[in-house]
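Biologist: Shall we walk through this model together, one question at a time? I will ask, and you can show me how the answer follows.

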Amino acid sequence: MTRTPPTTVTRIRLWRWRRNPLRRHSDVVEAWIVLAGWVLALVVGVVAGLWAAQVSESAFTARLTQVHPVSAVLTDDAARSPAAGSGYDDGRVWAAVRWTDHDGSAHTDRAKVFPGAPAGTRVTVWTNQADRIVPAPITGAAADLQSALTGVLVAPAAGALVWGAGRLVRGRLIRRRLAEWDEEWRQIGPRWGNLSGGRG
């Protein structure tokens, strides 16, 4: 029968500078800065992402209260094909429409409609409080998706900003420590050379 050698358990030290005779105060401060930087970056990133998503969702809801759909009629035949080279092309064309407001006043404007629609075709358009045609508001799943994407984009940016600030503080601490080491070496260096007989 083969005996398996006993396994040794190595304790993991969670704190790198614990009971270390070479530890300096600046080492402890640096370790806390790194830990706090990562924790704050994570927390700030999550909070900023949730806040941005909520603000975006509130903006969509607010816009929905400022516009309303109306039924309009095409006053002319719509063009049979979209104009070439118009940039963003959603397959629709501009056409003149007319609608009657709730108080009975008639309005005219231009709206995007499907190509080839004859005059007299009823279309739904969105108008603002000044009775001008505006793009349809983003609602439902599209609004939820855009709000979520906004949060996803803002979260890492905010976290990276906090993490970068922590790196700057740590960099200043390291430069200060190096300056202290240079100063100590200026004091100890000549004595070290004397102790080694000028060969060190």
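**The sheet**

Modeller: The model holds an open sheet of 5 strands, in the order β3-β2-β1-β4-β5, with antiparallel pairing. Strands here are DSSP E runs of at least two residues, helices are H or I runs of at least four, and both are numbered from the N terminus; two strands pair if DSSP finds at least two bridges between them. This is a predicted model, in which local features need pLDDT of at least 70 and side-chain atom pairs count only at pLDDT 80 or more, while totals for chains, interfaces and linings use all residues. Residues are numbered from 1 along each chain as its sequence is written, and side-chain values use heavy atoms, with hydrogens and water left out.

Biologist: Which strands stand at the edges of the sheet?

Modeller: The sheet is open and its order is β3-β2-β1-β4-β5. An edge strand has a single partner, so one side of it is left without a neighbour in the sheet. The strands in that position are β3 (106-113) and β5 (133-134).

Biologist: In β4, what is the bridge partner of H68?

Modeller: Strand β1 (residues 68-74) pairs with strand β4 (residues 122-127) over 6 bridges, in the antiparallel sense. Within β4, H68 has as its bridge partner T127.

Biologist: Which residue in the turn between β2 and β3 has a positive phi?

Modeller: β2 and β3 pair in the antiparallel sense over 8 bridges, and W94 has K112 as its bridge partner in β3. The two strands form a hairpin with 5 residues between them. A positive phi of about 95° in the turn belongs to G104.

Biologist: What is the centre-to-centre distance in the aromatic pair?

Modeller: Rings of Phe, Tyr and Trp (its six-membered ring) pair if their centres lie within 6.5 Å; planes under 30 degrees apart count as stacked, over 60 as edge-to-face and the rest as tilted. A search of the whole structure turns up 1 such pair. W38 and W163 form this tilted pair, with 55° between the planes and a centre-to-centre distance of 5.8 Å.

Biologist: How many residues apart in sequence are the parts that this pair ties together?

Modeller: W38 counts as exposed at 54% relative accessibility, and W163 as partly exposed at 35%. W38 lies in helix α1 and W163 in helix α2 (residues 140-195), so the parts tied together are apart in sequence by 125 residues.

Biologist: Which residue meets E30 in a salt bridge at 2.4 Å, N to O?

Modeller: A salt bridge is a side-chain nitrogen of Lys or Arg within 4 Å of a carboxyl oxygen of Asp or Glu, and the whole structure has 5 of them. E30 also belongs to a network of salt bridges with R170 and R177. Its partner at 2.4 Å is buried, as E30 is, and that partner is R177.

Biologist: Where does R132, the salt-bridge partner of D109, lie?

Modeller: The closest N and O atoms of R132 and D109 are 3.8 Å apart. R132 is partly exposed at 46% relative accessible area, whereas D109 is buried at 16%. D109 is in strand β3, so the pair ties together parts 23 residues apart in sequence, with R132 in the loop between β4 and β5.

Biologist: In which helix do R176 and E180 both lie?

Modeller: R176 and E180 form a salt bridge, their closest N and O atoms being 3.6 Å apart. R176 is exposed at 56% relative accessible area, and E180 is partly exposed at 34%. The two are 4 residues apart, about one turn of the helix, and that helix is α2.

Notes: Buried < 20%, exposed > 50% of the residue type's maximum accessible area, 1.4 Å probe, protein only.
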